[in-house]
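Biologist: Let's go through this one label by label. I'll ask where each comes from, and you set the value against the cut-off.

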Amino acid sequence: MYTVTDSSRISRRSFIQTTTSLAAAALWASRSQGAALSRPKFWDYPFKLGVASGDPTPDGVVLWTRLAPRPLEGGGLPDAPIDVGWQVAEDEAMTRIVRSGTQTAVPQWAHSVHVEVDGLAPDRWYFYQFKAGSEVSQVGRTRTAPAAEATPDKLRLAFASCQHWESGYYTGYEHMLGEDVDLVLHLGDYIYEGPAKESKVRSHVGGKLDSLTGYRHRHAQYKTDPALQAMHAAAPWLVTWDDHEFENNYAGGISEHTDADPAAFLAQRARAYQSYYEHMPLRRSALPTGPDMLLYRNCRFGQLVDFYVLDTRQYRDDQACGDKLTVDCHDAEDPNRSILGGTQRDWLFDGLKRSQSQWNVLAQQVLMAKIGRRMEDGRTGYGMDVWNGYGADRDRVLKFLHEQHVSNPVVLTGDIHSHWANDLLLDGDDFASPVVASEFVCTGLSSTGDGRVEDYAPLYSEFPNVKYHARKSGYVACEVTPTEWKTWYREMDYVTRPGAPLLTPAKFVVPAGSAKLERA
Ligand code: FE
Ligand code: CA
């Protein structure tokens, strides 16, 4: 274990007595020109954003941290690279070290650290820790995936989305800590881009996001939440973004604001993606180049589960008929329009075709089931920001799953700030058509606020493929075995004050070989 010494920590008072530049000059005087700082001294604890891990493979995992002694004031570090040591151990006390190394954190990437550890044993838990100068991070816990040919008897996971800072506390993560999961999936809206609002539970720092500094401050602010940090430190995460990491309802390079300059919008996307990478446990394959970032990828847990993490934002065509609820939008069914883009769709189909796994999971952002909402005039409108607006792509995916006999397809979804359990039908207009897959949609972790209770009987009668719906904040927990997929809908009655107890109003089982949801 790294030894903790506080002697080099400069007190806040002594820092305040001088100016930033003077303090920086004094602190960093010993650095050699051009080389990374291997013995930095910090004027405040540099690991305030915690630690995280992600994208496990049978022999490794990504370890993440970011040095930021002053996370909401530009980070608080000099414009110089800093060496960060890391260790992986078999035990929480960090005595049986199995891998270790040093990585240089550079200011161009906000002094973030992404270590791709390899050489680990499959299917086991590990502990990890970072060190910079004489400062050490908290110890994080992570695990590797089972070997490719292994047939694990169980995988426990939880998934969440939509954690608007101002709408509520992250009580959900406090409860998720008790789930003892092997993996957490985050399906987007990890941050929100809006400016600080009055009279909310807690306030965003800064205005509407646009600058790189602004995005970094927002990510850093979210990462200061103790429950979020604790959940990152407890298990590996598989993350993907939705729209609010950048801009509400964006479609590829197109803003929802029709007057937005396309070139400026893409330049802003580059800043949003860079800050996202800087704050997430992602592999080098996801390192952004300008406004592009490769986020769709595969993660396997032996022959039990194959995860296909999708990006339904970056490659989609613009929403059909506007972004809002629409009746009879002809363009939504245009076969030339896509939510996945051809390259991602080919990659997905190719992977599914070759999959040897019992369960095949599409971890993605927006509602896939064809479900509409009763409008004030009594007609049923369909949201165009979800798969409804890309009917041909939805048909292609569901047809592929059905015709290729993909083994036990499951779709995990976020975005919509409400829980849903849906049978995915081969033909969404024909409730007698075959059930192709199960869709589990998680509500907002906090974005739903305290939520509300309504009478959902009309919804269930209009859309009999909807087996559960609720508008409370929470998340979804699952346990996967070779014979069944179990899902628990976790909810809280309030998030506008801390401490809400965990409720589980609905539980489902999907037996292997049947895509139909069964209430348990
Ligand atoms: Fe959201
Ligand atoms: Ca969203």
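Predicted model: local features only at pLDDT ≥ 70, side-chain atom pairs only at ≥ 80, totals over all residues.

Biologist: Where does Ser255 lie, and what is it in contact with?

Modeller: Ser255 is in the loop between S11 and H6. Helices (H or I, at least four residues) and strands (E, at least two) are DSSP runs numbered from the N terminus. Contact means heavy atoms within 4.5 Å. Leaving aside neighbours within four places in sequence, Ser255 is in contact with Glu247, Ala260 and Phe265.

Biologist: What lies 2.9 Å from a polar atom of the side chain of Ser255?

Modeller: That's the backbone nitrogen of His257. A polar contact is a pair of N or O atoms within 3.5 Å; within protein one must be able to donate a hydrogen and the other to accept it, and residues adjacent in sequence count only if both atoms are side-chain atoms.

Biologist: How do you know that the span of helix H6 agrees with what it should be?

Modeller: The expected span is 1.5 Å times one less than the number of residues. H6 (residues 262-278) has 17 residues, so it should span 24 Å, and its end C-alpha atoms are 24 Å apart, which agrees. Its buried residues include Phe265, Arg269 and Tyr273, and what covers the buried residues includes S2, S5 (112-117), H4 (212-223) and S11 (237-239).

Biologist: On to the metals. Which residues are the protein donors of the iron ion (ligand 1)?

Modeller: Cys162 (SG), Asp189 (OD), Tyr192 (OH) and His417 (NE2), at 2.0 to 2.5 Å. Donors are N, O and S atoms within 2.8 Å of the metal (3.2 Å for Na, K and Ca), and water is not among the atoms, so sites may look incomplete.

Biologist: Why is the site of the iron ion (ligand 1) called irregular?

Modeller: The angles among its 4 donor atoms run from 86 to 167°. Four donors count as tetrahedral if all angles lie between 85 and 135 degrees; four count as square planar and six as octahedral if opposite donors are over 155 degrees apart and all others between 65 and 115; anything else is irregular. Cys162 is in the loop between S9 (155-160) and H3 (171-176) and His417 in the loop between S17 (409-413) and S18 (419-425), so the pair ties together parts 255 residues apart in sequence.

Biologist: And what are Cys162 and His417, buried or partly exposed?

Modeller: Cys162 is buried at 0%, whereas His417, at 24%, is partly exposed.

Biologist: What coordinates the calcium ion (ligand 2)?

Modeller: Asp189 (OD), Asp189 (OD), Asp242 (OD), Asp243 (OD) and Asp415 (OD), at 2.2 to 3.2 Å. Asp189 bridges calcium and iron, which lie 3.9 Å apart. Asp189 lies in the loop between S10 (183-186) and H4 and Asp415 in the loop between S17 and S18, so this pair connects parts 226 residues apart in sequence. Asp189 is buried at 1%, and Asp415 at 14% is buried too.

Biologist: Last one: how do you know that S1 and S2 pair?

Modeller: Strands pair if DSSP finds at least two bridges between them. Here 5 bridges join S1 to S2 (residues 60-66), running antiparallel. One of the bridge pairs is Gly54 with Val62 in S2, and the two strands form a hairpin with 2 residues between them. In S1 (residues 51-57), 6 of the 7 residues are buried, so the rest of the structure largely encloses it.

Terms used:
Residues numbered from 1 in each chain as written. Chains lettered and ligands numbered in written order. Heavy atoms only, no water. Buried < 20%, exposed > 50% of the residue type's maximum accessible area, 1.4 Å probe, protein only.
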